[in-house]
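Please view the sequence and the model together while reading.

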Number of protein chains: 2
Amino acid sequence: MSTNQQTDRSRNQGGAAFLLAQLGAHAARAFAERIASLDLTPPQAGLLRMLAATPGRSQRRLAEDLGMPPSRFVPFADELEGRGLIERRKNPDDRRSHALYLTERGVELLAELREVGAAHERDVCAALSSDEHRQLTVLLRRVAEQQGLTPGVHPGYRSS
Amino acid sequence: MSTNQQTDRSRNQGGAAFLLAQLGAHAARAFAERIASLDLTPPQAGLLRMLAATPGRSQRRLAEDLGMPPSRFVPFADELEGRGLIERRKNPDDRRSHALYLTERGVELLAELREVGAAHERDVCAALSSDEHRQLTVLLRRVAEQQGLTPGVHPGYRSS
DNA sequence: AGATAATGATTACAGATCAGAACGATTGTC
DNA sequence: GACAATCGTTCTGATCTGTAATCATTATCT
């Protein structure tokens with residue numbers, strides 16, 4: 001069953017899994033640099049998108065989706081609230097929990113964020129034709145689904 | 001110029017760049033869990049592979065390729081040396097620099113590491129046929145090359 | 001109803017991790 | 001032969017991290 005070592009070695013370093021990790025780190029870093037112009041970090045952008053998709057969720061659930069402990073979520077949300085991008089409202093049904101919403105300014109910033117994201121997408125896939133770009137997206141989506149990843153959610157963030 | 005917001009939104013969260021970041025983080029984490037059985041972290045595995053590819057390099061250059069400052073490389077190499085996997089030899093041409101090499105045990109561990117890497121590759125791409133797997137690899141390699149990434153080198157590591 | 005357990009947000013804290021400056025040893029330059 | 005530059009290393013201060021304790025509120029159980 002074992003091919004020779006040369007084959008195995010090139011498989012590991014040039015295989016799809018390694019390329020995914022390498023390109024993923026690269027894409028994440030490039031995206032972080034882009035949105036730095038909006039004074040946002042990737043996890044902050046992630047929260048804004050999550051709030052746009054499903055508003056009014058509790059901090060605990062949001063923290064879990066972002067892959068951070070609830071204790072760390074507090075100062076994280078504090079800053080965004082201090083900048084007037086998100087809003088904590090008391091949940092009338094359960095006054096322990098805070099329901100998070102985007103403010104008007106948050107919605108505006110999210111619009112800019114989407115433009116930056118589109119530019120990022122174009123830049124990362126500059127090597128591909130339109131057809132290949134679609135092809136790649138389809139393949140990646142299939143892999144992501146089979147691996148059990150939640151669409152639109154990017155855990156494993158490191159705060160900054 | 002602007003498509004409607006629905007389109008932009010799905011582009012950003014389901015686009016290739018986002019999927020790359022998401023899948024990259026996933027693949028990296030899964031790989032980290034796998035090689036934990038060998039008592040290795042991803043940056044440690046990266047160093048072993050780099051030493052197998054080009055032995056005898058200086059610590060400074062290795063540190064740069066791994067994306068870590070030289071000061072942090074010292075305890076990093078210390079542990080691997082303490083476990084008898086790598087070896088520091090004095091460079092006779094320049095006695096300031098240390099040339100790093102794999103030991104015999106390091107070579108043995110690297111062989112196991114390749115098996116784990118191959119299993120990881122199979123697992124991550126379980127959703128794809130052989131043809132699609134090849135297709136994906138080709139596309140990723142093209143993107144990686146155009147983005148200026150060095151083959152086989154994975155910076156942006158976080159130590160652990 | 002009343003005591004008790006469980007949950008959400010927050011704070012406190014202690015340990016790990018980080019990058020940059022400072023330091024000897026060695027080498028290149030003038 | 002003095003002076004600057006480089007490599008590895010150590011030191012240090014700041015930052016980041018997750019766990020545990022805390023307070024308010026809600027669910028559960030008798």
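Which residues in H4(B) meet which residues in H5(B)?

## Helix packing in chain B

In H4(B), the residues B:Gln59, B:Arg60, B:Leu62 and B:Ala63 meet B:Pro70, B:Phe73 and B:Ala77 of H5(B); two residues are in contact if their C-beta atoms, placed from the backbone, lie within 7 Å. Helices (H or I, at least four residues) and strands (E, at least two) are DSSP runs, numbered from the N terminus. By class, this contact of H4(B) with H5(B) divides into five nonpolar, one polar and one charged. Here Ala, Val, Leu, Ile, Met, Phe, Trp, Tyr, Cys and Pro count as nonpolar, Asp, Glu, Lys and Arg as charged, and the others, Gly among them, as polar.

H4(B) and helix H5 (residues 70–82) of chain B pack with axes 9 Å apart at an angle of about 100°, which makes H4(B) roughly perpendicular to H5(B). Axes are lines fitted to C-alpha atoms, for helices over the stretch in contact, and angles run from 0 to 180 degrees between N-to-C directions. Angles under 35 degrees count as roughly parallel, over 145 as roughly antiparallel, 65 to 115 as roughly perpendicular and the rest as oblique.

On H4 (residues 59–66) of chain B there is also a contact with H3 (residues 42–53) of chain B: their axes come within 11 Å and cross at roughly 125°. H3(B) is therefore oblique to H4(B). From H3(B), B:Pro43, B:Gly46, B:Leu47 and B:Met50 meet B:Leu62, B:Asp65 and B:Leu66 of H4(B). This contact has five nonpolar, one polar and one charged residues.

## Basis of the model

The model is predicted: local features need pLDDT of at least 70, side-chain atom pairs count only at pLDDT 80 or more, and totals for chains, interfaces and linings use all residues. Residues are numbered from 1 along each chain as its sequence is written, while chains are lettered from A and ligands numbered from 1 in the order in which they are written.

## Chain A as a whole

Chain A holds seven helices and two strands, in the order α-α-α-α-α-β-β-α-α along the sequence. Its radius of gyration, taken over C-alpha atoms, is 19 Å, well over the 15 Å that the globule rule gives for 160 residues, so chain A is more spread out than a compact globule. That rule is 2.2 Å times the number of residues to the power 0.38. Along the principal axes, the C-alpha atoms of chain A fill a box of roughly 65 × 35 × 25 Å.

Of the 160 residues in chain A, 34% are buried. A residue is buried if 20 or more other C-beta atoms lie within 10 Å of its own, exposed if 12 or fewer, and partly exposed in between.

## Individual residues

A:Ala99 lies in strand S2 (residues 98–102) of chain A. With 17 other C-beta atoms within 10 Å, A:Ala99 is partly exposed. A:Arg57 is 42 residues from A:Ala99 in sequence, yet 5.2 Å from it in space, C-alpha to C-alpha.

A:Asp39, in the loop between helix H2 (16–35) and helix H3 (42–53) of chain A, has a positive phi of about 55° although it is not a glycine. A:Asp39 is exposed, with 10 other C-beta atoms within 10 Å.

## Where the chains meet

Between the chains, 51 residues of chain B are in contact with 51 residues of chain A. H2(B) gives the largest share of the side of chain B that touches chain A, 14 residues.
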